[in-house]
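Please look through the sequence and the structure before reading on.

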Amino acid sequence: QPVVTLDSVSKSFDGETAVENISLSIEDGEFITLLGPSGCGKTTILRILGGFEESDSGAVKLDGRSVKGVPPESRAVNTVFQSYALFPHMNVFDNVAFGLRIAGMGEADVRRTVDEALRLVCLESMGRRMPKELSGGQQQRVAIARAIVNKPRVLLLDEPLSALDYRLRKQMQKELKELQRTLDITFVLVTHDQEEAFSMSDRVVVMNDGHIEQVGTPREIYEEPANLYVARFVGEINVLDGTVTGRRGESYTAEVEGASVLVKARREFADGDRVHVLLRPEDFRVEVMKDLEESPDLADKFAKALLKGTVDGTCYRGATYDVDITLDDGKRILVTEFFDEDSETLYFHAGDRVAVGWFEGWEVVLPHE
Ligand code: ADP
Ligand code: MG
């Protein structure tokens, strides 16, 4: 049985829809992330789960029971806010102990339980510090300790790392993921950062303008995006335009950006259907035309597709480099290339005439939008 279910949940503020028809089941022990741009309704969903907001329609269940009218403190759900929200006049220990004392726990148990929570967030020696004596990252750890100390069923985290600098954020992502495994509590994270969502989550919920576009594992979202919105929100994508011309075994023949190509699609199409063929920058194989003409054995690299174009320029990125190419029909594409081990210079240069194909495998082919 799922630990959380949302069934057709909608919420408006002053007649403006914030979230609409949200249905989602969250499994016990899962790390799930709501991913989407600012204003798409992520916080609203967390606030409805936490009990800080009542939905206008639809049902919310925790462990199979409706939580309609149940106040936040009576739900087995805690929230970590972006703003930490620590009590400034209490030291770290008392901040974490606060809820336990309110609930009437004896002082010996409070000490043991708080020490354990502080140990889990690597703050065991910081109990006597005041919040203002801590760094931002340490304050966030206190907020997390306070939210896990009473062992909730579900921990809600609203952009908890977005105020931290890049390196600390990367480190905290790993620590949070480890903490979730150790505690075996369900985590629902909100972020607008695709890398953060991918690196931590079992499943990602991609949101757009108050509704869900796709739910899936990070790999499903990246490799099988349901539509152009999802494809564009997670990483770089090249959208080629084409028309299906026929079927050949598992593949379709298609006219794409002025060339005849083969695409292997997981969806059904009919002759004449207009489609988008989606290719990540790393999906392409590119050769300088002159080299291709001189070595026929390279030609089978392009068995699926042979588009022609001209290199606009390159951009060094460390482990890889980007190549900007304009195809002969005017479409611009972005390609990621790895360095040849034995080569000291880039293989591609502005002005090169190039052949563009793509690697064997399933292509993402979507109906034309
Ligand atoms: P996100 O967390 O994805 O940035 P929110 O859930 O905060 O998005 O907001 C979704 C939409 O609902 C936005 O248009 C926002 O302005 C609106 N909204 C959220 N909370 C309130 C509120 N308390 N009063 C009025 N409008 C709100
Ligand atoms: Mg928000």
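On a 1 Å grid over the protein atoms alone, a cavity is a set of points where a 1.4 Å probe fits but cannot get out, and its lining residues have an atom within 4 Å of a point. Grid points are joined across faces, edges and corners, and a volume is the space filled by probe spheres set on the points. By this rule there are two cavities of 30 Å³ or more.

This is a predicted model, in which local features need pLDDT of at least 70 and side-chain atom pairs count only at pLDDT 80 or more, while totals for chains, interfaces and linings use all residues. Residues are numbered from 1 along each chain as its sequence is written, and ligands are numbered from 1 in the order in which they are written.

The largest cavity holds about 50 Å³ of space, and its lining includes Thr 113, Glu 116 and Leu 183. The second largest cavity holds about 40 Å³, and among the residues that line it are Tyr 252, Phe 269 and Val 365; this lining has 10 nonpolar, no polar and no charged residues.

Ligand 1 has Phe 13, Lys 42 and Thr 44 among the residues that surround it (a heavy atom within 4 Å). Polar contacts are pairs of N or O atoms within 3.5 Å, and the table gives three distances to the ligand.

| Backbone atom of | Distance to an oxygen atom of ligand 1 |
|---|---|
| Gly 39 | 2.6 Å |
| Cys 40 | 3.2 Å |
| Gly 41 | 3.0 Å |

Methods
Heavy atoms only, no water. Polar contact = N/O pair within 3.5 Å; in protein donor to acceptor, adjacent residues only side chain to side chain. 1 Å grid on protein atoms, 1.4 Å probe; cavity = no way out; pocket = protein on both sides within 12 Å on 5 of 7 lines; lining within 4 Å. Nonpolar A, V, L, I, M, F, W, Y, C, P; charged D, E, K, R; others polar.
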